[in-house]
Amino acid sequence: MSYDLVIKNGRIVRPFRTGVEDLDIAVRAGKIARLEPGIDPSRSPVHDAGGLMVFPGVVDTHQHWGIYNPLDVDTASESRACAQGGVTTGITYIRTGQYYLNRGGPYTEFLPAALDMAEGRAHVDYSFHVAPMMLQHVEEIPSIIEDFGIPSFKIFMFYGGHGLHGKSSDQRSFLMTPEGESYDVAHFEEVMRGIQAARERFPRIADSISLSLHCETAEIMRAYTERVERDPTLSGLEAYSASRPPHSEGLAVTVASYLAHETGLATINLLHLSSAKALEAAMLMATTFDHIDFRREVTVGHLLTTYDTASGLGGKVNPPLRSEADREALWSHVLEGNVDWVVSDHACCLDEMKFSPEDRDDVFLAKAGFGGAEYLLSGVFGEGTRRGLSANRVAELVSANPARRYGLANKGDIAPGMDADLVVLDPTKSFVVSAAGSESAQEYTPFEGHELTGWVKDVFLRGERILADGKIIGEPTGRFTRRPTS
């Protein structure tokens, strides 16, 4: 019996298992056909994994292709960065308004344009999450699910009085919302009711229909920004963290959770929790409203660096990089099993756009966001295993758990019938992060100079090698993935 590919001599890392397994992987038609020891390759092409670990492809469910660069440009370059980091599926958050496609209107017109811009340019598989910014979008939720295969939605809670980078007095023009509508807690409730109505309308896929929330409180942020601007002792990334304090996250988590309780929406994802107070609130809400299926997310950026150790103001992000104490608290929650998945929050922002030409050193004038997908698996594996995290748990955090939540039933594990998305990782090889070595178009990284252990050597997308010895090969073969998959 012949196969399209047989991977031999790999130490297979599967989620929800204990230890690695010495198994061969046979691939046919983009799927894993067999997983067992001693597969006879016959006349099949063979890839020798050389005794290295083989992980399921990383499913990075928090990215922002097209936020600062045209979507077609970002799809090409940033999907290369994904492959470099072992990411074989990326899901991008998009919305109407300024940035992204810089247009308002209905998603029935927006989404076809976005899909057309991305088609044929991605080196990894991809999908979108959608943010309902106006009441018309709430009405479109069933169509977004049924016609476009997008069952996941987002609320940016801080947009009530903030723009993407700081204070804003004109949110309507920034978000391109209709006259008479406000993007506030009342709108968040409407979104939750609309999503819950869709879950009831589509009961077979209800568990894959979820709402994700960026939890920060605009009013707290506005007041604290003014405080920080008057405080000469604070500067840089520490000042930015103080202007968006951790209790702003905790308060927003609490409000979001009670709204979920009020509206009966049971599938809630709390995004990029960055602080001890945010996790404290998230755990408290899970106990208080135990009928809600909360999932908790952190980013590799918040796990790897702080406002003291990041390389320059390129580390500005929302929510901000925090203190070392907060970073340690996040790791404690990861090790205790309180975090469901880890993502990159990848948002490529070129140097000329990131830093203000008026004052390159003013953190409040800099743009928010940076890339990181190329360091996702290595960062979680190296730092996590050093702290006692098992390789199997790493596979759960970066692959299996996000795939299951967001309706990617054919990804996130190594098993017969699954997509043959595979990462060969050298667990002992260390490297020093340098922006110059990244496939991203971004010219800097807050991780510059950090040493990571666990090098992504080879990556396969549906059985086709897209990364060989750390280098991108081949033309883009990534596909838009309608969800949920079977």
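Hi everyone. Let me begin with a term: two strands pair if DSSP finds at least two bridges between them. Please also keep in mind that what you see here is a predicted model.

Strand S2, residues 21-28, and strand S3, residues 31-36, run antiparallel and are joined by 5 bridges. Together S2 and S3 make a hairpin, with 2 residues between them. Have a look at Ala29 in that turn, please: its phi is positive, at about 55 degrees.

S2 has another neighbour to talk about. Strand S1, residues 5-12, pairs with S2 over 6 bridges, again in the antiparallel sense. If you want a pair to find on screen, Gly10 stands opposite Leu23 in S2.

Now for some helices. How do the axes of H9 and H11 cross? Helix H9 covers residues 276-288 and helix H11 covers residues 324-336; their axes come within 8 Å and cross at roughly 35 degrees. On the H9 side, the residues in this contact are Ala276, Leu279 and Met283. They meet Asp326, Ala329, Leu330 and His333 in H11. By type, the contact residues divide into 5 nonpolar, 1 polar and 1 charged.

Let's turn to the spaces in the model, starting with the largest pocket. Its volume is about 340 Å³. There are 19 residues lining this pocket, and the closest to its centre are Gln84, Phe431, Gly437, Trp455 and Gly470. Which elements give two or more residues to that lining? They are strand S14, residues 422-432, and strand S15, residues 451-461. S15 gives the most, with 3 residues. The lining of the largest pocket divides into 7 nonpolar, 8 polar and 4 charged residues.

Finally, the cavities. How many of 30 Å³ or more does the structure hold? There are 3. I'd like to show you the second largest cavity, which has a volume of about 50 Å³. Its lining is made up of Thr299, Gly301, His302, Val317, Ser344, Asp345, Gly369 and Phe370. Those lining residues divide into 2 nonpolar, 5 polar and 1 charged.

Notes:
Residues are numbered from 1 along each chain as its sequence is written. This is a predicted model: local features need pLDDT of at least 70, side-chain atom pairs count only at pLDDT 80 or more; totals for chains, interfaces and linings use all residues. Side-chain values use heavy atoms; hydrogens and water are left out. Helices (H or I, at least four residues) and strands (E, at least two) are DSSP runs, numbered from the N terminus. On a 1 Å grid over the protein atoms alone, a cavity is a set of points where a 1.4 Å probe fits but cannot get out, and a pocket is an open set with protein on both sides within 12 Å along at least five of seven lines; lining residues have an atom within 4 Å of a point. Grid points are joined across faces, edges and corners, and a volume is the space filled by probe spheres set on the points. Ala, Val, Leu, Ile, Met, Phe, Trp, Tyr, Cys and Pro count as nonpolar, Asp, Glu, Lys and Arg as charged, and the others, Gly among them, as polar. Axes are lines fitted to C-alpha atoms, for helices over the stretch in contact, and angles run from 0 to 180 degrees between N-to-C directions. Contact means heavy atoms within 4.5 Å.
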